[in-house]
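The sequence and structure come first, and the comments follow as numbered points.

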Amino acid sequence: MRLRGLYAVTPEAPDAVEKARLALEGGVALLQYRRKRRDLAEARAVAALARRHGVPLIVNDDVELALELDADGVHLGRDDGDLRAARGRLGDKILGASCYDEPELARRAVEAGADYVAFGSVFPSTTKPAAVRAPLALFAARLGVPLCAIGGITLENAPRVIGAGADLLAVVSDLFDAPDIRARAAQYQGLFA
């Protein structure tokens, strides 16, 4: 599986399932289900949509939920559990790791079995305004896995991030707050054509 393109991260919104459907119809490489408070019905609905569209579903922060949904993988941050233990539980499913602005953390994540690493926030983010800023120079790293950029990404600044070496663009607000989510997803995917 080639991990490259738009990595849509579901918003914390009552209409998250509908918004996920529109993004999937527009075209995404990966879909991450993110909800701080577990909502099993919503998670199952998003998983079913991702399967219908043939798009890998990644669950944020919750290995157990990923396994329960038979999702394609999980994404873990620094405080979300041990990557090696997660790799053991997941088998050959996708394991992503947040590495903030720390190249050494990214190297350790890859050694622990991460399939991709994420750096960010690359720009000021409305979703996580206090997030540490990650310089675009981090995307020049050669770690042997795809590099994901997250934080404040818009259609306007996305070409700079791709040009710096990002394989995946994790987007929340600029995608899911767009007047036409389907069209915005297609525009992002078009940047990788």
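Predicted model: local features only at pLDDT ≥ 70, side-chain atom pairs only at ≥ 80, totals over all residues.

1. Aromatic pairs. Two aromatic pairs are found when the whole structure is searched. In one of them, the ring centres of tyrosine 7 and tyrosine 116 are 5.7 Å apart; the ring planes meet at 85°, which is over the 60 degrees required, so the pair is classed as edge-to-face. Tyrosine 7 belongs to strand 1 (residues 5-9) and tyrosine 116 to strand 6 (residues 116-120), so that the pair joins distant parts of the chain, 109 residues apart. Both tyrosine 7 and tyrosine 116 are buried.

2. The phenylalanine pair. Phenylalanine 119 and phenylalanine 139 are likewise paired edge-to-face, with 5.7 Å from centre to centre and 85° between the planes. This pair also connects distant parts of the chain: phenylalanine 119 is in strand 6, whereas phenylalanine 139 is in the loop between strand 6 and strand 7 (147-150), and 20 residues separate them. Phenylalanine 119 has a relative accessible area of 1% and is therefore buried, the limit being under 20%. Phenylalanine 139, at 0% relative accessibility, is buried as well.

3. Proline 103 and its contacts. Proline 103 is located in helix 5. With a relative accessible area of 33%, proline 103 is partly exposed. Leaving aside residues up to four places away in sequence, proline 103 touches Phe119 and Leu138.

4. Burial of helix 1. Which residues of helix 1 are buried? They are Ala16, Lys19, Ala20, Leu22, Ala23, Leu24 and Gly26. The cover over the buried residues of helix 1 includes strand 2 (30-33), helix 2, helix 7 (173-176) and helix 8 (181-190). Just after helix 1, glycine 27 adopts a positive phi of about 110°.

5. Helix 1 against helix 2. Two packed helices are described by the angle between their axes and the distance between the axes. For helix 1 (residues 16-26) and helix 2 (residues 40-53), the axes come within 10 Å and cross at roughly 10°. That angle is under 35 degrees, and the two helices are therefore roughly parallel to each other. Their crossing is right-handed. Helix 1 contributes Ala16, Val17, Arg21, Leu24 and Glu25 to the contact, and helix 2 contributes Glu42, Ala45, Val46, Leu49, Ala50 and His53. By class, these are seven nonpolar, one polar and three charged residues.

6. Helix 1 against helix 8. The axes of helix 1 and helix 8 are 7 Å apart and the helices pack at an angle of about 40°. Helix 1 is therefore oblique to helix 8. The crossing of helix 1 and helix 8 is right-handed. From helix 1 the contact involves Lys19, Arg21, Leu22, Ala23, Glu25 and Gly26, and from helix 8 it involves Ile181, Arg182, Ala185 and Ala186. Five of the contact residues are nonpolar, one is polar and four are charged.

7. Most residues other than glycine have a negative phi. Aspartate 61, which is not a glycine, has a positive phi of about 70°. Aspartate 61 sits in the loop between strand 3 (57-60) and helix 3 (63-69), and is partly exposed with a relative accessible area of 27%. Tyrosine 100 also has a positive phi, near 55°. The loop between strand 5 (94-98) and helix 5 (103-111) holds tyrosine 100, whose relative accessible area of 21% makes this residue partly exposed.

8. Proline 56. Where is proline 56 found? Proline 56 lies in the loop between helix 2 and strand 3. Its relative accessibility is 13%, and proline 56 therefore counts as buried. Proline 56 and arginine 78 are 22 residues apart in sequence, with their C-alpha atoms 23 Å apart in space.

Conventions. Residues numbered from 1 in each chain as written. Heavy atoms only, no water. Phe/Tyr/Trp six-rings, centres within 6.5 Å; stacked < 30°, edge-to-face > 60°. Helix = DSSP H or I, 4+ residues; strand = E, 2+ residues; numbered from the N terminus. Buried < 20%, exposed > 50% of the residue type's maximum accessible area, 1.4 Å probe, protein only. Axes fitted to C-alpha atoms, helices over the stretch in contact; angles between N-to-C directions. Parallel < 35°, antiparallel > 145°, perpendicular 65-115°, else oblique. Left-handed = near helix turned anticlockwise from the far one by under 90°. Contact = heavy atoms within 4.5 Å. Nonpolar A, V, L, I, M, F, W, Y, C, P; charged D, E, K, R; others polar.
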